[in-house]
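This report covers aromatic contacts and one surface patch. The sequence and structure come first.

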Amino acid sequence: MIERIIILEGADLAVFFGTNHSNIQLIKSLYPKLRIVARGNVIKVIGDEQELLTFEEKIQELEKYSQEYNLLTEEVILKIVKGQGDAKLMVRQNNLIIYGMNGKPILARTENQQRLVREFDENDMLFVIGPAGSGKTYTAIALAVRALKSKEIRKIILSRPAVEAGEKLGFLPGDMKDKIDPYLQPLYDALEDMIPVYKLKEYIENKIIQIAPLAFMRGRTLNDAVIILDEAQNTSPQQIKMFLTRLGMNAKMIITGDITQIDLPSSQSSGLIHAMRILKNVAGISQIEFEKKDIVRHKLVQRIVEAYEKGERETHKPSDKNFAETMLSKEFK
């Protein structure tokens with residue numbers, strides 16, 4: 001009899017072990033000759049050497065499956081352990097980016113989302129503009145999570161400008177984290193769709209995933225990372241220049257924004273528009289414009305966007321959107 005220690009490094013333990021440790025109980029029942037004890041991310045096994053080798057091989061297959069799909073079912077365990085057919089129960093879908101929670105496929109659904117995936121592979125910096133609900137940020141975060149899971153990078157850094165709208169930060173309740181978290185909640189929401197909650201907590205605690213306001217980026221050099229700046233239309237030219245120059249070695253940067261929703265004072269120009277104009281023809285930088293047809297939220301969102309545009313045309317009042325479109329037509333076309 002020999003003893004072997006197996007350490008689970010990649011999989012989320014809640015997914016791997018199952019509700020009330022149902023998965024590990026099933027695995028134990030499939031190896032009655034082995035003594036199996038699981039604590040934390042460590043599995044200690046005692047038994048015959050040949051059976052131990054087989055057990056370790058199957059555990060590695062199960063860990064790899066649960067890490068890729070964020071899912072491990074009784075059916076998958078039986079197929080992998082007993083070798084009964086193909087364990088890849090998920091159907092590979094076209095334009096798949098990653099599998100999210102409970103095996104939900106996260107896809108590049110529209111032509112521009114698919115273009116973003118392609119451009120991400122070919123460029124180190126991408127500017128992505130478009131209306132609310134078109135999947136700019138969600139697709140960008142999915143690409144970052146994919147790069148992290150495949151070990152192309154070591155960390156993900158997500159940032160937003162904390163633009164005050166109505167209430168001053170200083171008057172909001174709580175400490176600094178409490179004051180800034182509401183600005184960053186959309187980023188947490190996207191991550192929670194893609195990474196199990198315990199694994200996400202571990203990533204954040206270990207600073208593998210960092211979520212911070214734009215002001216916290218000053219002075220840093222960001223290596224081995226995917227860096228995403230969301231709501232970039234609300235940056236000043238100085239702020240976005242500071243952010244863009246944080247790019248380090250083996251890093252990629254995605255800057256997203258909606259130039260029709262600029263919340264800056266009327267006297268202040270948008271750093272996003274300024275940066276896109278300045279960097280238009282720089283090699284290694286791609287610019288992608290999402291459209292209303294890319295909106296993938298509730299069908300009413302597209303109708304709302306169209307209704308507001310119609311209302312602005314009928315009143316003949318200048319708007320931020322008209323200003324932004326004028327800037328784009330002059331500078332980019």
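## Aromatic pairs

There are four aromatic pairs, counting rings of Phe, Tyr and Trp (its six-membered ring) whose centres lie within 6.5 Å. In one of them, Tyr31 and Phe55, the ring centres are 5.0 Å apart and the planes stand at 90°, so the pair is edge-to-face (planes over 60 degrees apart; under 30 counts as stacked, the rest as tilted). This pair links distant parts of the chain, 24 residues apart: Tyr31 is in the loop between α2 (22–30) and β2 (35–39), and Phe55 is in helix α3 (residues 49–69). Helices (H or I, at least four residues) and strands (E, at least two) are DSSP runs, numbered from the N terminus.

Tyr31 is buried because its relative accessibility is 6%, and Phe55 is buried at 0%. Buried means under 20% relative accessible area, exposed over 50%, and partly exposed in between (1.4 Å probe, protein chains only). Tyr65, Tyr69 and Tyr99 form one aromatic cluster.

## Charge over a ring

Lys252 lies over the face of Phe120, 5.2 Å from the ring centre. The rule asks for NZ of Lys or CZ of Arg within 6 Å of the ring centre and within 35 degrees of the ring normal.

## An exposed tyrosine

Tyr308 is in helix α11 (residues 299–315). Tyr308 counts as exposed because its relative accessibility is 60%.

## Basis

The model is predicted: local features need pLDDT of at least 70, side-chain atom pairs count only at pLDDT 80 or more, and totals for chains, interfaces and linings use all residues. Residues are numbered from 1 along each chain as its sequence is written, and side-chain values use heavy atoms, with hydrogens and water left out.
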